[in-house]
Amino acid sequence: MKIRDFGVEIWMNRYENNCELNIAETCVESLTVAELLEMAGKTDTILSELLPMKLTYGAIEGSERLRKLVAGLYEKQAMENVVITHGAIGANALVHGTLVERGDRVISVLPTYQQHYSIPESIGADVQILRLTEATGFLPDLEELKRLATPGTKLIAINNPNNPTGALMDRAYLEQIVEIARAAGAWILCDEVYRGTDQEGDGMTASIADLYEKGISTASMSKTFALAGLRLGWIAGPVDLLHAVSIHRDYNTISVGMLDDHFAAIALENRDKILARSRAITRTNLATLSAWVDGEPLISWIKPKSGTTALLKYHLPLSSVEFCERLLARTGVMLTPGSAMDMEGYVRIGFTNNGNVLEEGLARLSTFLAEQQAEAA
């Protein structure tokens, strides 16, 4: 199987450990073990839980404790509708590998996480790209989706909230996509790894798994729950689909780590505290970023309604790679070039890291923009 280079991951691997200020990070600022245990009231008791554990493979599909907690993130899902995976990246790969065959029509939005179009392409699917544009606020054009979703379409892959734009489809918008998919007989895979970071209300938008009989939700502990180091995600969807996924999963996973499972369960048992922390960080930091964008004549954007990232359009005669490499070399600040997401002319910023890092990174970015404008004049 031949597959394209994974643009974002290659960029992050190359530079994230060689920068002073990383404002390309896509996770809410990661929790320490100490912070998690303090939230859970387990600082003095955790060893009594861990020391008796025998480090076997553990529950193959994930512990019942964890699967019940994940199901509790949804309106209509039960433990049987959940399987635990190695991150959302593992969940997405399993769904595509289970459902998609050579020649199948797959519709993917763009920009999105590259898995959702590069994996089906590598299988030999008929991949149709639904490009998200500023004209619709980076939401899918429903008329274009209807045109692409011909009868027999196998899968529609969407991302809500969207990475990298922060665009958000509310329940009513998702229900329109469901009707289009249902008419075509298509599955919907919704990568919901940023669910819980909405800028308004309780932060938690509707899930496709609760809205559609062929809806599949993938998510993880990485972004919203600030625990990427656990490398733990899940698939939520119809039981028959999960049985089919499990056949593929047996070949590449066996089980997730018992310690990862245990700490994820602790986190979800204290999800209200973690989500409150994440809401505070995402909303405070987006306000900081928004004020900065308002004062930068070389930058424009569609302000995110959710998520941890924004897509910034810059008005300079540079490719996005040139922009980001110059920025890093001159200031130590790391962003992600839009070309890594097939969106040339933009850069992606992650705004939910440490607030001080964000503020200093933006200050250095302003200096860089002024220098580039002067050099271009």
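This is a predicted model: local features need pLDDT of at least 70, side-chain atom pairs count only at pLDDT 80 or more; totals for chains, interfaces and linings use all residues.
Residues are numbered from 1 along each chain as its sequence is written. Local features need pLDDT of at least 70, side-chain atom pairs count only at pLDDT 80 or more, totals for chains, interfaces and linings use all residues, and side-chain values use heavy atoms, with hydrogens and water left out.

Contact (heavy atoms within 4.5 Å) involves 34 residues of domain 1 and 41 residues of domain 2.

| Quantity between domain 1 and domain 2 | Value |
|---|---|
| Buried area | about 3,300 Å² |
| Share of buried area from carbon and sulfur atoms | 54% |
| Salt bridges | 1 salt bridge |

Buried area is the accessible area (1.4 Å probe) that two parts lose on being put together, summed over both. A salt bridge places a side-chain nitrogen of Lys or Arg within 4 Å of a carboxyl oxygen of Asp or Glu. Lys313 forms a salt bridge with Glu134, and their closest N and O atoms are 3.9 Å apart.

On the side of domain 1 that touches domain 2, α1 (7-15), α12 (271-294), β10 (309-314) and β13 (346-350) each supply at least two residues. Helices (H or I, at least four residues) and strands (E, at least two) are DSSP runs, numbered from the N terminus. The most comes from α12, with 10 residues.
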